[in-house]
Amino acid sequence: MMKSHTLSCLTLIAGLSLLAPAQAAGESGWQQKLKSLFANDKQEEKLLPPEKAFQLQAKTSGPATIHATLTPAPGYYLYRERIQFDLEDKSNGAIQDVRLPKGEMKDDRTFGKMEVYRQSVTATIDLKPTAAGNELALKASYQGCHEQSGVCYPPQVATVHLIMP
């Protein structure tokens, strides 16, 4: 056990000594060389920013219904139980009910068995009747992950402004 630990330390020291010339060029060069020593190009995949990984669109359907669609980019998914909707200004209206379709079950690395959406999902949001012409700010909160890497984004919030018919 001791020989293995000593050998590992010597290997690390030898690897770091190869980086010494890069230190003179600045810390970023040193960090890049260190990263290249341990990088696994097959696992390293550039993650999308959250606003591109998960997109929100909404439209009205009559005076008291909104259809909000969340779309994960290919290779991403959304957690069903982490999708919520609210109105920013409750004086213009109130949400009565939100209906989401059934998702698919996934044994998630981070949260265990979870219901997820890998494709676009549309929520039907029923409102208490509101006056025509009212502007509503629909706030959606949601959370999702990148399938391949298992990286989960922190909860996201997006707002869409709608004029009620």
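**The disulfide and its setting**

Modeller: Cys145 and Cys152 are joined by a disulfide, with an S to S distance of 2.0 Å; the term denotes a pair of cysteine sulfur atoms within 2.5 Å. The structure holds one disulfide. This is a predicted model, in which local features need pLDDT of at least 70 and side-chain atom pairs count only at pLDDT 80 or more, while totals for chains, interfaces and linings use all residues. Residues are numbered from 1 along each chain as its sequence is written, and side-chain values use heavy atoms, with hydrogens and water left out.

The S-S bond of Cys145 and Cys152 has a torsion of about 95 degrees, and the disulfide is therefore right-handed. As for accessibility, buried means under 20% relative accessible area, exposed over 50%, and partly exposed in between (1.4 Å probe, protein chains only). Cys145 counts as buried because its relative accessibility is 0%, whereas Cys152, at 24%, counts as partly exposed.

Along the sequence the pattern reads α-α-α-β-β-β-β-β-β-β-β-β-β-β. Among contacts (heavy atoms within 4.5 Å) with a separation of 6 or more, 64% are between residues 24 or more positions apart.

Technical notes: Helices (H or I, at least four residues) and strands (E, at least two) are DSSP runs, numbered from the N terminus.
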